[in-house]
Amino acid sequence: MLEASFHLRRAGQYGHTPASRPSLPLQQLKPFSAVRSPVQLGRVIAASSKFGVFSAGNSICLRLGLSAMATVAAAPPKLATACVGHGEKLPEEYVKKIPKTDAEILNFFLCFLADQGLPDVAVFVNGGYVRDLLLGKEPDDLDLSLCLRDCAAEITVATLLHLMESYVEKHPEFGITTFKNATILSNESKDKQLDTFKAHFTNTEGIKTEVDVMPTIGEEKYEGDSRIPIRDQRGSPEEDALRRDLTIGALLMRVKRGSGPSTSSASLQYELLDFYGGVDDIRKGILRSPYPHGRNPAELQELVLRAREEKELAAALGIDSMPADEASQVLWWGKVLMDDPLRICRALRFAAKFHFDLHPSFWQAVPFALEPLRTKVAGSRKDTEYQKIGGYGFQASVEFYELAFTRTFGPGEGKLRLAAGLLGGVDHKSKPKTLSEVRSFDLQMFRDFASKLQSLTKADASELVGGLMAAAIAATKFEGNDTPTSEFTRACDGMCVSNATREAGLSPLSASLKMAAHPPPSTSFDCAVADACGVSAEELARHVQVWEGMQDCNARSGPERLTTCRRSLALAMLQRRVPEGLAREVEASFQALSFVRPAVRGAVLSAKGVLEVPNPLKRQVMLLFEVSLRLLRYDAPVEDAESLLKLFEAMPKLRSAFSDSVWMEQDGKTLKSEFQPPKRGGGKDAKRSKASG
């Protein structure tokens with residue numbers, strides 16, 4: 001589990017400068033996630049106490065770690081093995097993973113800049129592209145940074161890309177047929193006033209490639225109490241790397257031209273720039289933020305902590321008493337998270353994706369940004385991250401929810417949890433809608449619920465996210481008196497989730513309530529059908545309740561496993577909420593009604609001369625058909641007058657139960673009073689009374 005395999009090394013161990021950082025084979029250092037025994041875990045817990053990671057309130061997390069050792073062995077990603085370090089040429093093992101189309105675009109950029117009289121403008125590939133290369137994967141999502149710090153003020157990314165369109169037309173030898181410069185990447189980029197654009201390339205083979213292009217961003221400054229930084233867009237590569245949220249995404253790769261024809265990408269050379277230990281962190285399977293090594297923590301506090309509440313929190317966390325490197329790591333990560341609290345969600349997503357461990361300083365930094373994450377971040381942005389986690393599969397999704405609901409941290413006794421900040425958010429009307437604070441969480445109950453969803457795959461991301469969220473909420477006691485259904489609905493509203501995600505959790509929650517509800521009084525029709533099935537009227541009423549709950553779990557689209565998982569989850573939720581006797585009764589009904597047979601067609605309700613059902617009774621008749629045929633284990637189709645006659649010939653008692661005489665008066669035209677729908681508005685007398693009032 002994620003909780004069971006945190007790296008608990010002191011932050012000072014990662015304070016290497018590029019010059020002193022060793023260049024080692026990536027396979028040499030084994031990720032701590034490989035530690036699996038309770039003895040090893042105990043050593044980790046002992047070491048972690050020095051850092052203040054585990055508080056008194058974390059005993060559940062420690063038990064979680066110990067129990068998880070026996071059952072879960074999260075495999076770290078397959079790491080590449082070639083030696084590479086800061087300032088070194090990228091080995092061929094990695095270069096060959098770069099797609100041909102990307103190399104052609106990189107070569108084109110270099111030639112274009114040279115032809116504009118800017119051969120010294122450095123071009124860097126950044127972000128996850130470099131990380132994926134070092135993990136031995138073929139990367140995608142090409143992002144480029146141009147270092148314009150020595151250029152004239154009028155030279156910007158915007159002006160360069162404006163010139164690029166005509167350059168493409170004049171130079172077909174590069175194999176690029178069309179180029180389009182899109183608008184600024186996002187509203188967020190607009191707010192930050194970044195010189196950032198998305199370039200669209202199409203080559204002669206018709207392959208389309210999108211490339212995000214921006215300048216290297218330098219020092220960030222703040223005005224007053226604002227948390228929106230003013231960014232220097234003439235920064236150095238090292239400054240640009242420092243603003244990234246994780247070291248494994250702060251890696252840069254400078255692209256240079258070697259000898260050879262200008263139109264050939266084969267001569268390109270790639271230099272790795274690793275200013276903040278990203279390669280070491282990939283080797284060790286750890287996630288942490290870059291931070292400025294050697295900077296005085298007091299200076300960082302002055303820069304990072306803008307509000308009085310932030311300074312008070314820092315004091316409560318004991319940052320002043322930490323070693324300098326640890327304090328700097330926590331403060332800078334706190335800054336990174338406060339600048340964009342969604343980065344908390346991103347860190348958890350990368351932990352799930354790569355089976356990497358969160359550095360202990362993460363839990364010291366999160367309190368600075370937890371409340372803004374809860375009440376100021378658009379919930380739809382959070383949901384985007386969680387859908388990606390769902391795409392990593394069942395185990396990664398379970399670990400995410402366990403971490404969100406079990407991990408406690410913060411000052412004092414450490415009673416903060418992530419769940420209320422993660423689930424929910426600011427909706428499309430700019431209103432925050434989130435979970436209530438967690439009072440307690442039943443881990444074993446959650447695992448029992450989650451086990452019902454094990455057959456879901458990576459293709460069922462929305463189903464995993466919604467189903468497991470409902471499972472976690474149902475296993476939680478919250479501050480306040482809202483029901484699990486209300487908590488789930490509010491979180492979904494805040495995150496603006498899809499209908500698929502909402503239904504994946506809401507249907508089992510609602511179905512479990514419906515199956516446990518007290519059935520309504522039986523009618524003479526119910527009694528007749530019960531007699532035909534050989535059960536009591538009360539038993540039949542329970543069967544109908546259970547069947548309606550099972551129907552609530554039907555997935556509107558997708559494979560049958562979605563419906564099966566929802567029904568199993570609903571039953572598990574019910575078994576935890578009702579007395580044992582009722583639980584056994586419902587489970588027996590559930591099993592009986594799981595008998596597989598074709599659905600009854602609505603056409604049989606208007607089979608002239610055989611069965612003609614009045615409109616007010618059609619729903620009830622269909623329900624009793626579906627239930628009774630399963631109880632009687634009748635598997636032949638019932639879809640028209642002919643098949644209905646065959647059913648009645650085989651089941652004479654059922655024919656009597658579904659006779660007109662059961663619900664019609666002797667005149668054959670009037671519904672018996674017990675089957676007549678209630679009058680709306682109380683009738684004419686009520687209307688007169690209301691009007692006179």
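Tutor: Keep in mind that this is a predicted model. Let us begin with arginine 343, which is buried yet has no salt bridge.

Student: Which side chain of opposite charge is nearest to arginine 343, and how far away is it?
Tutor: That is aspartate 245, at 4.3 Å, whereas a salt bridge would need a side-chain nitrogen within 4 Å of a carboxyl oxygen.

Student: Where does arginine 343 sit, and what does it touch?
Tutor: Arginine 343 is in helix α13, which covers residues 342-354, and, not counting residues up to four places away in sequence, arginine 343 touches Arg243, Asp245, Val336 and Leu337.

Student: New topic: which residues have the most contacts inside the largest nonpolar core?
Tutor: Phe405 and Leu422 do, in a core of 150 residues. Apart from that core lies another, of 51 residues, with Met515 and Leu617 among them.

Student: And what is leucine 422 in contact with?
Tutor: Leaving aside neighbours within four places in sequence, its contacts include Ile344, Leu348, Tyr386 and Met495.

Student: Okay, how many aromatic pairs are there?
Tutor: The structure holds 22 aromatic pairs. In one of them, the rings of tryptophan 363 and phenylalanine 409 have centres 5.3 Å apart and planes at 50°, so the pair is tilted.

Student: Which parts does that pair tie together?
Tutor: Tryptophan 363 lies in helix α14 and phenylalanine 409 in the loop between α17 and α18, so the pair ties together parts that are 46 residues apart in sequence.

Student: Are those two buried or exposed?
Tutor: Both tryptophan 363 and phenylalanine 409 are buried.

Terms used
Residues numbered from 1 in each chain as written. Predicted model: local features only at pLDDT ≥ 70, side-chain atom pairs only at ≥ 80, totals over all residues. Heavy atoms only, no water. Helix = DSSP H or I, 4+ residues; strand = E, 2+ residues; numbered from the N terminus. Buried < 20%, exposed > 50% of the residue type's maximum accessible area, 1.4 Å probe, protein only. Lys, Arg positive; Asp, Glu negative; His and termini not counted. Contact = heavy atoms within 4.5 Å. Core = buried A, V, L, I, M, F, W, Y, C linked by side-chain atoms within 4.5 Å. Phe/Tyr/Trp six-rings, centres within 6.5 Å; stacked < 30°, edge-to-face > 60°.
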